[in-house]
Amino acid sequence: MISIEVNGEKRTFKGFPFKRLIDVLRQDFGLMGTKEGCGEGECGACTVLVNGEPVNSCLIPVCQVEGTRIETVESLGRPASPNVLQKAFLEKGGSQCGICTPGMLMTAWAWVRGGGSDKPQAIRNVLAGNLCRCTGYQHIVNAVVQAVRDRKKIIRNPKSTIQNRKSK
Ligand code: FES
Ligand code: FES
């Protein structure tokens, strides 16, 4: 039996230990937000956070994440209360077809939450492993720039209007 913390909840998996993490998340835990693109570690669509670090869940067997803390896109906000990064994606047009978006959000969220820079080139470097066929990247970078700045405002002033709009 494999024990994992997923989005703050203790979960257990009993089955083939080399089943891919993405399949365990989607098929066994019902977390369909994580998407599969290439299935070969090239596109980043399947990115989740393992102990806070972005990883390609299509490449990892579930036995390798025993005892870790996993975060998927479901750990962010809800449609009625998007977190600061999701709100920025909505406002800046950072998502079109949406296939890359869950992975893009998770990689970007590790950056934003970790106090990363708002410099566009630094953000492009961080997102280099997440491919998007729709947006041309500029809208995504703009969204992450906004999220970095908005989160700093929230930290400085927890009662800011951004917070009042139910962003984390
Ligand atoms: S689906 Fe995992 S990297 Fe493309
Ligand atoms: S929004 Fe379609 S691949 Fe990125």
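In which loop is Asn51 found? Asn51 sits in the loop between E3 and E4, where helices (H or I, at least four residues) and strands (E, at least two) are DSSP runs numbered from the N terminus. The structure is a predicted model, in which local features need pLDDT of at least 70 and side-chain atom pairs count only at pLDDT 80 or more, while totals for chains, interfaces and linings use all residues. Residues are numbered from 1 along each chain as its sequence is written, and chains are lettered from A and ligands numbered from 1 in the order in which they are written.

**Domains and their contact**

- The protein is divided into domain 1 (2-75) and domain 2 (84-164), with bounds that come from an automatic or database domain assignment.
- The centres of the two domains, taken over C-alpha atoms, are separated by 22 Å.
- Domain 1 gives 15 residues to the contact and domain 2 gives 11 residues; two residues are in contact if their C-beta atoms, placed from the backbone, lie within 7 Å.
- On the side of domain 1 that touches domain 2, strand E3 (47-50) and strand E4 (53-56) each supply at least two residues.
- The largest share of that side, 3 residues, comes from E3.
- The residues of that side divide into 7 nonpolar, 6 polar and 2 charged, where Ala, Val, Leu, Ile, Met, Phe, Trp, Tyr, Cys and Pro count as nonpolar, Asp, Glu, Lys and Arg as charged, and the others, Gly among them, as polar.

- Not counting residues up to four places away in sequence, Ala147 touches Val84, Leu85, Ala88 and Val112.

**Positive phi in loops**

- Most residues other than glycine have a negative phi.
- Asn7, in the loop between E1 and strand E2 (9-13), has a positive phi near 50°.
- Asn7 is partly exposed because 17 other C-beta atoms lie within 10 Å; a residue is buried if 20 or more other C-beta atoms, placed from the backbone, lie within 10 Å of its own, exposed if 12 or fewer, and partly exposed in between.
- Asn51 also has a positive phi near 50°.
- Asn51 has 12 C-beta neighbours inside 10 Å and therefore counts as exposed.
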